[in-house]
Amino acid sequence: MAGSCLFCQIARSATSTRLLYADERVVAFPDINPSAFRHYLVIPVEHVATVNDLKRGVDDHQLVSHMLNVGQNLLSRDAPESKLYRFGFHQPPFNSVDHLHLHCFALPYIPSFNRWKHMKYISLGSIGFIEAEKLLERIKPLEPIGS
């Protein structure tokens, strides 16, 4: 799957997508169909299909934390006047691309943003959109017994 994955190609700089940020673990770029004043995606360089492929533990927790930190820094830099930011992931079956991607929004949503599209970004518990902080809590490493 990783060979034909569009986001893997973007992460390898094999497309003309303008990168806003890149390091050895993640890349960030503008969403091609933005839903908000600023709408960026942060993806891992290594192919991870969905939030369901993340495990409770240090490695995945650090990856998602890094993705969130990158998104927060980009929006702080590019949309300092925005009063509200949102960060989250689509959960299957509502993800449109099978490569983990963090949506980073500097609100408000854009005026042409229709009501149905807005539904994609509503938290519905174990389905739909999950806020980044809730995902981090879900995959937080367990404390060793007796610590």
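His103 counts as buried, at 4% relative accessibility. The model is predicted, and His103 is the residue that the unreviewed UniProt entry lists under "active site". The protein chain has 147 residues, of which 43% count as buried. Its secondary structure comprises 4 helices and 7 strands.

**The listed residue, His103**

- His103 sits in strand β5, which covers residues 102-109.
- The side chain of His103 makes a polar contact with the side chain of His39, at 2.8 Å.
- The relative accessibility of His103 is 4%, and the cut-off for buried is under 20%, so His103 falls in the buried class.
- The "active site" label comes from the UniProt record, in an unreviewed entry, and such annotations may be inferred rather than shown by experiment.

**Fold of the chain**

- Read from the N terminus, the elements follow the order α-β-β-β-α-β-β-α-β-β-α.
- Contacts in the protein chain between residues at least 6 apart in sequence include 65% that join residues at least 24 apart.
- Helix α1 spans 6-11 and strand β1 spans 21-22, with Ser13 in the loop between them.
- Helix α2 runs over residues 58-78, and strand β4 covers 84-91.

**Arg86 in strand β4**

- Arg86 belongs to strand β4.
- With a relative accessible area of 15%, Arg86 is buried, because the class takes in values under 20%.
- A polar contact of 2.5 Å links the side chain of Arg86 to that of Glu131.
- The C-alpha atoms of Arg86 and Gly71 are 9.7 Å apart in space, and the two residues are 15 apart in sequence.

- Ser82 occupies the loop between α2 and β4.
- Ser82 has a relative accessible area of 10% and is therefore buried.
- Beyond its neighbours within four places in sequence, Ser82 is in contact with Ala106 and Leu107.

- Leaving out its neighbours within four places in sequence, Pro108 is in contact with Ala36 and Phe37.
- Between the C-alpha atoms of Pro108 and Leu84 there is a separation of 7.5 Å, and these residues are 24 apart along the chain.

**Backbone geometry**

- Most residues other than glycine have a negative phi, and most peptide bonds are trans.
- Ser13 is not a glycine, yet its phi is positive, at about 60°.
- The peptide bond joining Pro92 and Pro93 is cis, with omega about 10°.
- Pro93 lies in the loop between β4 and β5.
- A cis peptide bond also joins Leu107 and Pro108, where omega is about 25°.
- Leu107 of this pair is one of the contacts of Ser82.

**The largest cavity**

- Rolling a probe the size of a water molecule over the atoms shows where empty space is left.
- How many cavities of 30 Å³ or more are there? The count comes to 1.
- The largest cavity holds about 50 Å³ of space.
- Its lining consists of Ala49, Thr50, Val51, Phe89, His90, Asn95, Val97, His99, Leu100 and His101.
- By class, that lining has 5 nonpolar and 5 polar residues, with no charged residues.

**The second largest pocket**

- The second largest pocket contains about 160 Å³ of space.
- Glu24, Arg25, Pro44, Val45, Glu46, Val48, Asp59, Asp60 and Leu63 line the second largest pocket.
- Which element gives the most to this lining? Helix α2 does, with 3 residues.
- The lining of the second largest pocket divides into 5 charged and 4 nonpolar residues, with no polar ones.

How values were computed: Residues are numbered from 1 along each chain as its sequence is written. This is a predicted model: local features need pLDDT of at least 70, side-chain atom pairs count only at pLDDT 80 or more; totals for chains, interfaces and linings use all residues. Side-chain values use heavy atoms; hydrogens and water are left out. Helices (H or I, at least four residues) and strands (E, at least two) are DSSP runs, numbered from the N terminus. Buried means under 20% relative accessible area, exposed over 50%, partly exposed in between (1.4 Å probe, protein chains only). A polar contact is a pair of N or O atoms within 3.5 Å; within protein, one must be able to donate a hydrogen and the other to accept it, and residues adjacent in sequence count only if both atoms are side-chain atoms. On a 1 Å grid over the protein atoms alone, a cavity is a set of points where a 1.4 Å probe fits but cannot get out, and a pocket is an open set with protein on both sides within 12 Å along at least five of seven lines; lining residues have an atom within 4 Å of a point. Grid points are joined across faces, edges and corners, and a volume is the space filled by probe spheres set on the points. Ala, Val, Leu, Ile, Met, Phe, Trp, Tyr, Cys and Pro count as nonpolar, Asp, Glu, Lys and Arg as charged, and the others, Gly among them, as polar. Contact means heavy atoms within 4.5 Å.
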